[in-house]
Amino acid sequence: MNDDIFAPATLGPITLRNRVIKAATFEGRTPDALVTDDLIAFHREVAAGGVGMTTVAYCAVAPGGRTDRHQLWMRPEALPGLRKLTDAVHAEGAAVSAQLGHAGPVANAASNRAPALAPSRMFSPLGMRMMKVPSESELAELVAAHADAARLAERAGFDAVEIHFGHNYLASSFLSPKLNRRSDGYGGSDEKRARLTREIARAVREAVGGRLAVTAKLNMADGVPGGLSMESSLQVAAWLEADGALDALELTAGSSLLNPMLLFHGDAPRSSFAKTLPIPARWGFRVVGKKFLREYPYHEAYLLDRARQFRRELSMPLILLGGITNLDTMRTARAEGFDFMAMGRALLREPDLLRRIQSDPATRSACIHCNECMPTIYTGTHCVLRLARPVATPTATE
């Protein structure tokens, strides 16, 4: 099993050329909420670099489900560009997945010109207004929107969809006791808080399962007091496994609202983030920046200790994320029973890293985990230590 990393591997109804997946990282290349040539070039380069599958992030299921108005949302107008993107990735021999979800409380209502949604009443520091609490009937509409988005992904030629159940985006916020204080059918107990997550997974499965692979990114823990705990997340994962709606589960951690660095580890780029903010917000960030962007020392496979507990409890395929940059770590992941590995920042630094590892197993990533790539999401996500990236004309691909 240790030596099959670069052999073809089955993921639900599809076969990947190897077990390495480009993790979903917002690309910052969709200024008109449509595919651009720049976005296509980004994923083509990663595909040519040798990954088994690349993940397009982030494909919102509704216009109000974007973190801001410059993100893709799944609608008929997006179809031609998405088809051009999937064709380009397939031409390089890789598969391609669409990350589907609703940003919920992470959405910027002011930018989207649509209400941000939260499970319970709360103020949005992004939109500077109160968020909307959706009714049960409105949640049913959002479940249906996920299914519709998955169908559009199939029409666009995607091989897989990844449902976003992490980082306190909408479904993840419903899983959090800190954020979900509802007393209806979607709150009050672990089972009720998990209802939305399970309904979305089943709806997407019914829409495209058996033709596209259906995966999900699930928080193992939010990393904040009162948030989703490991124990509760293990129960949610067990329910998802029993429902049979997913072909694999990708394990993540942290909250885009309250503790984003738990996902990343390494240096906290507070100064660079502050520079991206308008003056009033920049002053406020100086006060809360150290609490918001905490420091977690980087080491290889830094989410493995948590993920081991999920591997012990579950039989379904699991995708290990977090600090996977070399062949030794990939072999460790396989030896621990993980079916696939997801890479993010290392491929921003070196999109051809997988090809080079295949040629020379001793290859080590040049990524230094400075996380200065994080603030570049506003200008086109890239590694600041690479040569200046070529910028394609930011027009929508029709």
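These legends go with several views of one predicted model.

**View 1. The whole chain.** Residues are numbered from 1 along each chain as its sequence is written, and side-chain values use heavy atoms, without hydrogens or water. Because the model is predicted, local features need pLDDT of at least 70 and side-chain atom pairs count only at pLDDT 80 or more, while totals for chains, interfaces and linings use all residues. The chain averages a pLDDT (the predictor's confidence in each residue, from 0 to 100) of 94, and 95% of the residues score at least 70. Along its principal axes, the C-alpha trace spans about 55 × 50 × 45 Å. Of the 398 residues, 60% count as buried, meaning under 20% relative accessible area with a 1.4 Å probe, protein chains only.

**View 2. The stretch at residues 389–398.** Here pLDDT stays under 50, and the model has 28 contacts (heavy atoms within 4.5 Å) beyond four places in sequence.

**View 3. The largest cavity.** A cavity is a set of points, on a 1 Å grid over the protein atoms alone, where a 1.4 Å probe fits but cannot get out; lining residues have an atom within 4 Å of a point. Grid points are joined across faces, edges and corners, and a volume is the space filled by probe spheres set on the points. This cavity holds about 100 Å³ of space. Of its 13 lining residues, Cys367, Cys370, Asn371, Cys373 and Cys383 are the closest to its centre.

**View 4. The second largest cavity.** About 40 Å³ of space lies here. Look for Ile21, Met53, Thr55, Ser97, Glu162, Thr215, Glu250 and Ile319 in the lining.

Technical notes:
1 Å grid on protein atoms, 1.4 Å probe; cavity = no way out; pocket = protein on both sides within 12 Å on 5 of 7 lines; lining within 4 Å. Buried < 20%, exposed > 50% of the residue type's maximum accessible area, 1.4 Å probe, protein only.
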